[in-house]
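Thanks for asking me to look this one over.

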Amino acid sequence: MTPAGRSRPLRTGRFPVSRDRVITGRHNDGGGLGAAARASPQGRSADVSENRTPSNGSPALDTTVAHNARVWNYWIGGKDNYEVDQRVGEHVAGMFPVIRDVARADRAFLGRAVRWLTAGRGVRQFLDIGTGLPTVDNTHEIAQRIAPDARVVYVDNDPIVLAHARTLLTSTPEGATAYLDADVHDPEVIVERAAETLDLGRPVAVMMLGILNFVLDTDKARDIVRRLMAAVPSGSFLVLTHPTADADLGGEGNAAAMEFWNRNATPPITARSRAEIAAFLEGLDLVEPGLVPCSQWRADGSPAVVPQFGAVAVKP
Ligand SMILES: C[S@@+](CC[C@H](N)C(=O)[O-])C[C@H]1O[C@@H](n2cnc3c(N)ncnc32)[C@H](O)[C@@H]1O
């Protein structure tokens, strides 16, 4: 992919035509189921290719193969999904029943993390990579309830998320939101386009919830995090969730479920161990309570453990 080919003119206001890649929303305007890629349970065998946006632009909307953004939407109780997504989602939930709890716990973690960053640490800028389909409480809604001047840039490469992007662009007049149709494998493109909305001289919360699991190569994933965090100043945060097959979090069932996913849905996914996920946070200072099941990060009471780590760390 050529980064230059991915840059399109900024467009404000109305819902975009499909070829636009950046849209902004200042001021309220607004089994046998598909691809046959085979993978090891960790999704790392050579015949599972890394999810990358095609060099000729966004992938077309494909309603015949289950897509992660839509199945995730199904698991959290949304309606923006197709029959194939429901069938795959149900099959995975049959193999790995905790998956719905994982998806809901992940969204609840997002809410707590954004509230804590906005109210507790004064963060006013968010770069939300791997946004997912709009849902009840999106990042800008949570942040702008506390700080109406908060600015949020959303990034995803799924055409269905692009199609729903207008819901993410309902900024307060004081703040701003933008949507980038971009691939996490291109951190410099993301940073360059995000800088049209965010002041990268001031702290930014880089949010990578449930996205690094789609970068199958761990070294590559670490490099992406390093490049993104290098582009933001001291006092910026990394907010992370990531699935695990670690047995102490009840993740053993993830292996078979992800193997099924990688044979029947897209993009291919991988789980990682606590140590591998901790390595993404190297060079940053972990915020209490550290790298924990995301359901338990600054949660009230003692919520059940889920096999999805969550963490917030600050750039020193
Ligand atoms: C599991 S969902 C997580 C959504 C949201 N962050 C959350 O935590 O609820 C992962 C999202 O990452 C997006 N995604 C997957 N691979 C991507 C890539 N290479 N570049 C950009 N986004 C990607 C998917 O389209 C999907 O919307």
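**Notes on the model**

1. Helix α4 and helix α5 (residues 139-146) pack at an angle of about 35 degrees, their axes 9 Å apart; axes are lines fitted to C-alpha atoms, for helices over the stretch in contact, and angles run from 0 to 180 degrees between N-to-C directions. The crossing of α4 and α5 is right-handed, that is, the near helix is turned clockwise from the far one by less than a right angle. Helices (H or I, at least four residues) and strands (E, at least two) are DSSP runs, numbered from the N terminus.

2. Please keep in mind that this is a predicted model, in which local features need pLDDT of at least 70, side-chain atom pairs count only at pLDDT 80 or more, and totals for chains, interfaces and linings use all residues. Residues are numbered from 1 along each chain as its sequence is written.

3. Which residues of α4 and α5 meet? From α4 come Leu110, Gly111, Val114, Arg115, Thr118 and Ala119, and from α5 Thr139, Ile142, Ala143 and Ile146, where contact means C-beta atoms, placed from the backbone, within 7 Å. These residues divide into 6 nonpolar, 3 polar and 1 charged (nonpolar: Ala, Val, Leu, Ile, Met, Phe, Trp, Tyr, Cys and Pro; charged: Asp, Glu, Lys and Arg; polar: the others, Gly among them).

4. The buried residues of α4 include Leu110, Val114 and Thr118. Buried means 20 or more other C-beta atoms within 10 Å of a residue's own, exposed 12 or fewer, and partly exposed in between, with C-beta atoms placed from the backbone. After α4 comes Gly122, with a positive phi near 70 degrees.

5. The ligand is surrounded by 22 residues, the closest being Ala69, Gly130, Gly132, Leu209 and Gly210; a residue counts as near if its C-beta atom, placed from the backbone, lies within 6 Å. By type, the shell holds 9 nonpolar, 8 polar and 5 charged residues.

6. Asp181 is buried because 26 other C-beta atoms lie within 10 Å.

7. Two cis peptide bonds are worth a look. One runs from Thr266 to Pro267, with omega near -5 degrees, and Pro267 sits in the loop between β8 (265-266) and α10 (274-279). Another runs from Glu288 to Pro289, with omega near 10 degrees.

Terms used. Two residues are in contact if their C-beta atoms, placed from the backbone, lie within 7 Å.
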